[in-house]
Amino acid sequence: MSETVTYTHCNICVAGCGLKVTAKDNQIVNIEPDKDAAVWRDFCVRGAEAHHALNHPQRITHPMKRVGDGYVPVPYKQAIKEIAQQLKTILDRDGANALGAYTGNPGASNFGGFAFLGLLLDAVGTDNRYFVGSLDENAHHYVCDAMYHQPWTMLQADIENTDFLLLVGANPAISEFAWFFAVSEGWKKAQAMQARGGQIVVVDPRRSESAQKAKLHLAPLPDSDWALLLALLHIIASNDWYDKNAAKDCDDFEGLLTLLRNQDLQALSQRCDIASGILEQVARDFSRGSAMCLAHTGVGQSVNGAVGMWLAHLLNLITGNMRRKGGLYHNRGALDLLRTGAELFPEAKRSSRVNKAPSVAGYLPVNEMATDIATPGPGQIKAFIIQGGNPVISGPEGDNLDKAFAELELLIAVDSFQRDSHRHAHWLIPAPSFLEIEELSALIQEIGAESNIQMLRATVKKPDSMPYEWEFFRDLVLAMDKPLLLGKPALNWVVKGFNLYGKLTGKPYDGFSPKSIGKELLKKGGIVSYKDVDKAEHGLRLNQPRDYNYFLDSVATATGKVAVMPSALTERLQQLLAEPHLHNKSAEFPLQLISRRRKHMMNSWLTHGAMKKMKRPEGDVIEINDMDAQRWALNDGSQVRVRSRVGAIDAKLKVSDRVRSGVAVMSHGWGGQTYSPKNGSASEAVGGVNRNLLVAADDVDPLSRVPRLNGTAVCVEGL
Ligand SMILES: Nc1nc2c(c(=O)[nH]1)N[C@H]1C(S)=C(S)[C@@H](COP(=O)(O)OP(=O)(O)OC[C@H]3O[C@@H](n4cnc5c(=O)[nH]c(N)nc54)[C@H](O)[C@@H]3O)O[C@H]1N2
Ligand SMILES: Nc1nc2c(c(=O)[nH]1)N[C@H]1C(S)=C(S)[C@@H](COP(=O)(O)OP(=O)(O)OC[C@H]3O[C@@H](n4cnc5c(=O)[nH]c(N)nc54)[C@H](O)[C@@H]3O)O[C@H]1N2
Ligand code: SF4
Ligand SMILES: [Mo]
């Protein structure tokens with residue numbers, strides 16, 4: 001067979017880099033950046049090595065059914081029939097809420113899979129829908145819902161035109177500007193901005209890779225960003241450095257100014273442990289010209305994250321940087337989520353079964369999953385689907401979640417590998433790689449500073465034994481005789497007709513598929529047709545002008561103005577201000593553990609080839625400051641035990657001046673296994689330890705419902 005070259009885009013993170021993929025005999029032999037891609041050109045080792053997952057010995061290639069302690073491959077049709085029967089029996093007996101589902105980060109990036117899982121959950125009518133947002137950026141969604149009544153708001157960073165970049169809890173030198181605020185070559189652009197006289201300021205308890213390149217690095221105490229941001233707002237409000245035009249966008253600007261001016265600068269400076277003089281300097285520079293404050297996971301993944309995120313939005317808003325070149329803007333993309341988002345993501349308000357935790361952006365928090373599954377009583381979850389996620393490693397107290405999963409009557413994992421979260425699965429459904437599917441990954445493409453759109457292309461043929469992810473969910477609904485569309489059982493016949501046509505023509509996407517939805521979405525967007533997108537080998541640049549006024553002109557509140565002091569956020573702020581203690585530590589647990597990412601890893605997801613290329617894996621390393629190490633007589637390189645209120649793990653100590661005193665750092669995603677459902681291949685340890693076993697599932701931000709992944713109180717003891 002001859003060599004083929006296919007152009008597609010990477011779907012591992014939202015940077016969505018254009019790829020040139022070379023294959024021989026249906027095997028990928030090389031992945032490199034597409035030099036002619038319409039826009040994206042970040043490219044990293046995870047994309048370059050993505051194909052190593054395809055032929056990995058432990059990859060799931062057939063539907064696998066648990067029999068005793070092992071698994072047997074089952075033909076797809078039989079799998080659908082059996083699963084439909086098992087699920088229907090449970091639902092008929094226990095009701096719709098007996099089914100729960102979790103979508104992880106890659107699950108949500110797989111447009112077809114995510115959309116069709118949504119159709120399945122709607123068809124069944126269950127409320128038990130959990131989402132990775134509660135480990136990730138729910139603080140952002142919560143705040144956007146409260147301030148703009150649009151939880152799925154995606155603002156973009158006009159980095160090319162800004163003078164001042166305030167990065168709070170973000171490390172784009174490693175993570176790109178992902179996931180919201182995705183800017184193609186954003187970190188390069190930021191550094192170019194600084195080289196021509198602008199300024200990057202990084203706020204991070206660790207001198208991160210980004211902080212090393214910034215003109216100024218501030219190292220606050222973990223989880224105190226709200227105090228730092230409030231101090232900046234206080235200084236700006238007290239000195240009248242805000243933009244006088246901002247008042248007209250706010251529902252109560254005077255009330256906000258009063259709240260901000262009434263703060264005590266010295267007290268706030270003490271809370272975050274940054275000198276007030278430095279805060280004054282940053283506030284002055286921020287309000288001088290175009291500027292943006294980008295608050296990321298370092299802020300959001302903790303228990304004060306919603307308040308921190310709210311204050312970051314206010315900082316941009318009152319300095320006029322939501323209506324200015326060089327500030328934040330809404331990119332209409334091909335879909336214009338500001339217009340179409342409410343329709344695409346109708347925001348059902350739900351609450352969790354046992355603890356009544358409210359949903360954020362329509363989804364329930366991950367930390368409630370174990371309780372909702374394990375607690376007996378009406379509505380108990382008996383069947384569960386995990387789509388592209390690994391919450392046992394990525395979320396808090398994975399050991400408890402593992403136990404809960406073991407109790408399920410039916411656990412279905414849709415994934416390319418059997419990971420820790422899928423250990424007790426009754427069914428393993430293989431998920432094709434993004435390198436094997438031809439789909440428009442429509443939503444991910446909306447998130448970015450550039451208006452561009454590109455089809456995912458199949459660069460090699462997927463194994464026939466493997467269904468498309470969306471196909472599995474579609475066929476399951478049909479096999480259970482649940483209504484797939486609009487609650488109307490009669491429409492199932494129409495869908496079946498289309499499917500038959502797709503099957504006969506050998507083009508399953510011509511049936512009812514993600515293509516049907518993609519076409520409809522683009523029609524709604526009204527900017528580009530599916531046909532034109534399909535024709536563009538290297539993607540399309542949509543060339544829409546950056547309209548810096550569009551976002552604030554489209555706010556969805558009843559008054560059309562930004563709700564600047566939503567009551568729950570204001571109350572939570574007052575509560576934080578009233579709390580006497582400065583940060584989350586005690587005599588028993590004197591350190592606060594935070595997280596970091598590695599270039600070669602993508603959360604806990606194995607990007608197999610990339611991980612093998614990592615020089616120093618460091619999956620079991622805990623980094624602390626040299627003064628702290630001296631205080632507890634701990635030596636660099638020694639084995640230590642790290643304990644928190646809920647867990648203990650062993651790690652190797654790294655003593656470093658890059659971490660501020662009182663703080664410990666460990667990267668997440670380690671400590672699991674890849675199991676071997678197929679006979680003959682051994683399970684493989686990922687290496688390292690799971691630091692999330694130290695994070696308590698009941699210690700969450702009451703608003704965003706995100707656990708304290710950053711700022712966990714721990715102690716480190718020599719072994
Ligand atoms: N290589 C790589 N890239 C990725 C990912 C990956 O796993 N690997 N994941 C992708 C995903 S899913 C996401 S959501 C994005 C996340 O992108 P980012 O939000 O940029 O994530 P990190 O690189 O972890 O940077 C967070 C920084 O916050 C700091 N931090 C921790 N606690 C605090 C705190 O209390 N306050 C402040 N101010 N800072 C704090 C950490 O030291 C760290 O440097 O990255 C995406 N890109
Ligand atoms: N301490 C700490 N914990 C964190 C974070 C942190 O910064 N610190 N970051 C959090 C963040 S930002 C995130 S986004 C979460 C991620 O949390 P999750 O999304 O729950 O977990 P991942 O590690 O991304 O696991 C992804 C799974 O998806 C599978 N997969 C890959 N591609 C596909 C596909 O196309 N289809 C399907 N069906 N499956 C696929 C992989 O094989 C893997 O098993 O972790 C969170 N956990
Ligand atoms: S993982 Fe790397 S190559 Fe893939 S989209 Fe993200 S930055 Fe680009
Ligand atoms: Mo994330």
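Which domains does the shell around ligand 1 draw at least three residues from?

1. Domain 3 (158–331 + 550–575) and domain 4 (584–718) each give at least three residues to that shell; the domain bounds come from an automatic or database assignment. This is a predicted model, where local features need pLDDT of at least 70 and side-chain atom pairs pLDDT 80 or more, while totals for chains, interfaces and linings use all residues. Residues are numbered from 1 along each chain as its sequence is written, chains are lettered from A and ligands numbered from 1 in written order, and side-chain values use heavy atoms, without hydrogens and water.

2. Around ligand 1 there are 31 residues (a heavy atom within 4 Å), and Ser175, Asp204, Asp225, Thr297 and Met601 come nearest. By class, eleven are nonpolar, eleven polar and nine charged.

3. Nitrogen atoms of ligand 1 lie 2.6 Å from a backbone N or O atom of Met601 and 3.0 Å from a polar backbone atom of Val203. For Gly298, a backbone N or O atom is 3.3 Å from a ligand oxygen. The protein buries 98% of the 920 Å² that ligand 1 exposes when taken alone (Shrake-Rupley method, 1.4 Å probe).

4. Elements that each supply at least two shell residues include α6 (172–175), α12 (297–300) and β19 (591–596) (DSSP runs; helices of at least four residues, strands of at least two).

How values were computed:
A polar contact is a pair of N or O atoms within 3.5 Å; within protein, one must be able to donate a hydrogen and the other to accept it, and residues adjacent in sequence count only if both atoms are side-chain atoms. Ala, Val, Leu, Ile, Met, Phe, Trp, Tyr, Cys and Pro count as nonpolar, Asp, Glu, Lys and Arg as charged, and the others, Gly among them, as polar.
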